[in-house]
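Student: Hi! I'm new to this one and would like a friendly walk through it. Could you show it to me?

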Amino acid sequence: MPLRLAHLVLLLFASPALAADRTIYLTFDDGPLNGTANILDVLQAEQVPATLFMVGMHAEANATNRALVQRVPLVTIGNHSYSHAYNHYRHFYGDTEGVVADMLKANAVLGLKPAVHARLPGRDVFRLPSMSKDDNSLGLAQAGREDPDYEFVAASGFWLYGWDHEWVHEDSGKPVQSVDHLVSEIDHLFGYGHFAKPGRLILLMHDEMFQDAFDGKAKFTALIAALKLRHHAFGAIATHD
Ligand SMILES: [Zn+2]
């Protein structure tokens, strides 16, 4: 008996975290785009939750995109701004009123009401009731300049989420890591990584990666299969607050 107990204790200390403590949050940015429909199909088939942080301007682009802003079970639609800062982040941030107005405009287009789950364009920033984290890639001066933007957006009914790891893509949208490589990165991170919240990995992806040209459905299905095999839990972003 004592020997068994000693083994159990050893096992507990040897495992950085038990599988049950490992939750992955699948998040997709910049939709609706080519690739969004494939994501929704796979989520439905696999019965896995995810969050799609959408861009108001993309949702307005055409009827196909408008139809992709779906309220379907397991899928949380989040706000990723109206304009996506036109990809000029340093110009966009610092104008606090403009940033708040852009986020509110996307609420109207996407049909979202507070509290709205949101991700700021180009910024890995958290502003949640339970925690706050700034974007480490910004210099101190820029971070200080943008801080009022984050605070006022949060105070306007938004919960802001950054990310812990990214499935990176090329300019074309083509995924950089293979599914196997990504999964090995996730394994390593669950063992040794520091997340915004312990044991909870927010994975950032972009809708355009999942278009047919890049075999999006098969790759996303393979990713989910690998994560299920490891008994990771799939979290809905609202439970990350
Ligand atoms: Zn984006």
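Tutor: Here is a predicted model, and we can go through it from the overall build down to single residues.

Student: Great. How many helices and strands does the protein have?

Tutor: The count comes to nine helices and ten strands.

Student: And how does the radius of gyration fit a compact globule?

Tutor: It agrees: a compact globule with 241 residues would have a radius of gyration near 18 Å, and the protein has 19 Å. Along the principal axes, the C-alpha atoms fill a box of roughly 65 × 40 × 30 Å.

Student: What share of the residues is buried?

Tutor: Buried residues are 38% of the 241.

Student: What about contacts between residues at least 6 apart in sequence?

Tutor: Of those contacts, 82% join residues at least 24 apart in sequence.

Student: Okay, inside now. Which residues touch the most other members of the largest nonpolar core?

Tutor: That core has 53 residues, and Met 54, Leu 160 and Leu 203 touch the most other members. As a general point, nonpolar side chains tend to be buried together in soluble globular proteins.

Student: Let's follow Leu 203. What does Leu 203 touch?

Tutor: Leaving out residues up to four places away in sequence, Leu 203 touches Ile 24, Tyr 25, Leu 26, Thr 27, Trp 163, His 165 and Trp 167.

Student: Is strand β9, residues 200-206, enclosed or open?

Tutor: Six of the seven residues of β9 are buried, so the strand is largely enclosed by the rest of the structure.

Student: Which strands pair with β9?

Tutor: β1 is one of them: seven bridges join β1 to β9, and the two run parallel. Thr 23 stands opposite Arg 200 in β9. Strand β8, residues 165-166, also pairs with β9 in the parallel sense, over two bridges. There, Glu 166 is opposite Leu 204 in β9.

Student: What else does β1 pair with?

Tutor: β1 pairs with β2, again in the parallel sense, over four bridges. Phe 28 stands opposite Leu 52 in β2.

Student: Are the faces of β2 covered or open?

Tutor: Both faces are covered. Ala 50, Leu 52 and Met 54 are buried on one side, and Thr 51 and Phe 53 are buried on the other.

Student: Switching to helices. How far does α9 reach?

Tutor: Helix α9 spans residues 216-229 and reaches 20 Å from its first C-alpha to its last, close to the 20 Å expected. Its buried residues include Gly 216, Phe 220, Leu 223, Ile 224 and Leu 227. They sit on the same side of α9 because they cover an arc of only 95 degrees around the axis. On the other side, Ala 225 and Leu 229 are exposed.

Student: What do the buried residues of α9 pack against?

Tutor: They pack against β1, α2 and α8.

Student: Which residues of α8 are buried, then?

Tutor: Leu 182, Ile 186 and Phe 190 are the buried residues of α8. Their arc around the axis is only 75 degrees, which puts them on the same side of α8. The face turned away from that buried side carries the exposed residues Asp 180, His 181, His 188, Gly 191 and Tyr 192. What covers the buried residues of α8 includes β8, β9 and α9.

Student: Which phi value does Asp 30 have?

Tutor: Asp 30 has a positive phi of about 85 degrees, although it is not a glycine. Asp 30 is in strand β1.

Student: Is Asp 30 buried or exposed?

Tutor: Asp 30 is buried, because 23 other C-beta atoms lie within 10 Å. Gln 47 also has a positive phi, of about 55 degrees, but Gln 47 is exposed, with 10 other C-beta atoms within 10 Å.

Student: Last one: what does His 84 touch?

Tutor: Asp 30 again, along with Val 55, Met 57 and Pro 121, not counting residues up to four places away in sequence. His 84 lies in the loop between β3 and α5.

Terms used. Residues numbered from 1 in each chain as written. Predicted model: local features only at pLDDT ≥ 70, side-chain atom pairs only at ≥ 80, totals over all residues. Expected span 1.5 Å × (residues − 1). Buried ≥ 20, exposed ≤ 12 C-beta atoms within 10 Å, placed from the backbone. Arc of directions from axis to C-beta. Contact = placed C-beta atoms within 7 Å. Core = buried A, V, L, I, M, F, W, Y, C linked by C-beta atoms within 7 Å. Rg over C-alpha atoms; globule rule 2.2 N^0.38 Å. Pairing = 2+ DSSP bridges.
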